[in-house]
Amino acid sequence: MSTPTKLAVIYYSATGTIAEIAKEIARTAEQAGAEVRLRRAAELAPQEAIDSNPAWAANAAATAGTPLATPDDMVWADAVIFGTPTRYGNVASQLKQFIDTLGGLWAEGKLADKVYSGFTSSATSHGGQESTLLALYNTVHHFGGILVAPGYTDPAKFGDGNPYGTSHVDAQGNNPVDDTTRTAARIQAERVVKVATALNSGGVTN
Ligand SMILES: Cc1cc2nc3c(=O)[nH]c(=O)nc-3n(C[C@H](O)[C@H](O)[C@H](O)COP(=O)(O)O)c2cc1C
């Protein structure tokens, strides 16, 4: 029997949107036969900021049992899917901080030859989802990673319309993760597992 493809889903989420999409991706990848590590980036915000926002406090409590991402998760994985809310059209500092701890592994070439992909969410429909994913993907090029975006590889991708990665508009918490976003998440997870498995069996991923 062949070894299952190893997927790390590494995300930051303040108010739970990205956490919800991360679970959908993890679940789908497991159903597709991958071994999955669902990991969250450590919080950097002060406790009073978290406590001042009920949705943020609730998500912090709900995800307290999800292990924190570590550099070992990156070494272990054949494929990594990063998730981040948009922050002024950019990657959230909490996820960026995790990525910035990986310099040693980058220098050893241990982040190269893996499959990478990303997902995001924003408050508004033109609030910077594409710029966030493209900013995230800058890092993938530095890693020597193999970027696997969903594109329009499935007809259902015309439903969410974002070829760069799964994305959701949360409308300030008024629009929970819906079927359109879940479908996009499933397409992305299945595609990443499929490509990583093919590369793995060809001896490309490490
Ligand atoms: C500091 C900060 C900056 C944000 N910047 C943007 C932005 O540029 N565009 C946007 O549409 N939403 C922005 N948002 C909203 C979040 O990206 C959005 O609510 C996201 O879905 C939250 O994901 P989460 O529930 O996983 O934390 C910002 C939120 C915060 C706290």
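Trainee: Is Ala112 buried or exposed?
Mentor: Ala112 is buried in this predicted model. Its relative accessible area is 15%, and the cut-off for buried is under 20%, so Ala112 falls in that class.

Trainee: Where is Ala112 in terms of elements?
Mentor: Ala112 sits in the loop between helix H6, residues 103–107, and S5.

Trainee: How far is the C-alpha of Ala112 from that of Val75?
Mentor: The two C-alpha atoms are separated by 9.7 Å. Along the chain, Ala112 and Val75 are 37 residues apart.

Trainee: Which helix has Asp73 in it?
Mentor: Asp73 belongs to helix H4, which covers residues 71–76.

Trainee: Buried or exposed, that Asp73?
Mentor: Buried, as the relative accessible area of Asp73 is 2%.

Trainee: What does the side chain of Asp73 make a polar contact with?
Mentor: With the side chain of Arg37, at 2.7 Å.

Trainee: Switching to Thr28. Where does Thr28 lie?
Mentor: Thr28 is part of helix H1, and H1 runs over residues 17–31. Thr28 is buried, with a relative accessible area of 2%.

Trainee: Which backbone oxygen lies 2.8 Å from a polar atom of the Thr28 side chain?
Mentor: That of Glu24.

Trainee: What else is Thr28 in contact with, beyond neighbours within four places in sequence?
Mentor: Arg186, Ala189 and Glu190 are in contact with Thr28.

Trainee: On to pockets. What volume does the largest one have?
Mentor: The largest pocket has a volume of about 300 Å³. Its lining is made up of 18 residues, and those nearest the centre are Thr15, Pro85, Thr86, Arg87 and Asp170.

Trainee: Which elements give two or more residues to that lining?
Mentor: Helix H1, strand S3 (79–87) and strand S5 (115–122) do. S3 supplies the largest share of the lining of the largest pocket, with three residues.

Trainee: How does the lining of the largest pocket split by class?
Mentor: Eleven of its residues are polar, five are nonpolar and two are charged.

Trainee: What about the second largest pocket, how much space is in that?
Mentor: About 230 Å³ lies in the second largest pocket. It is lined by 16 residues, with Gln129, Asp160, Asn162, Ser167 and Val169 closest to its centre.

Trainee: Backbone angles next. What is the phi of Tyr88?
Mentor: Tyr88 has a positive phi of about 55 degrees, although it is not a glycine. Tyr88 lies in the loop between S3 and strand S4, residues 90–91.

Trainee: Is Tyr88 buried or exposed?
Mentor: Tyr88 counts as exposed, at 88% relative accessibility.

Trainee: What phi does Ala171 have?
Mentor: Ala171 also is not a glycine, and its phi is positive at about 50 degrees. The loop between S7 and H9 holds Ala171. With a relative accessible area of 27%, Ala171 is partly exposed.

Trainee: Zooming out, how many helices and strands are in the protein?
Mentor: Nine helices and seven strands.

Trainee: Why is it called as compact as a globular protein of its length?
Mentor: Because its radius of gyration is 16 Å, close to the 17 Å that the globule rule gives for 206 residues. The C-alpha trace spans about 50 × 40 × 30 Å along the principal axes.

Trainee: What share of the residues is buried?
Mentor: Buried residues are 49% of the 206.

Trainee: Last one: of contacts between residues at least 6 apart in sequence, what share joins residues at least 24 apart?
Mentor: That share is 79%.

Conventions. Residues numbered from 1 in each chain as written. Predicted model: local features only at pLDDT ≥ 70, side-chain atom pairs only at ≥ 80, totals over all residues. Heavy atoms only, no water. 1 Å grid on protein atoms, 1.4 Å probe; cavity = no way out; pocket = protein on both sides within 12 Å on 5 of 7 lines; lining within 4 Å. Points joined across faces, edges and corners; volume = space filled by probe spheres on them. Helix = DSSP H or I, 4+ residues; strand = E, 2+ residues; numbered from the N terminus. Nonpolar A, V, L, I, M, F, W, Y, C, P; charged D, E, K, R; others polar. Buried < 20%, exposed > 50% of the residue type's maximum accessible area, 1.4 Å probe, protein only. Polar contact = N/O pair within 3.5 Å; in protein donor to acceptor, adjacent residues only side chain to side chain. Rg over C-alpha atoms; globule rule 2.2 N^0.38 Å. Contact = heavy atoms within 4.5 Å.
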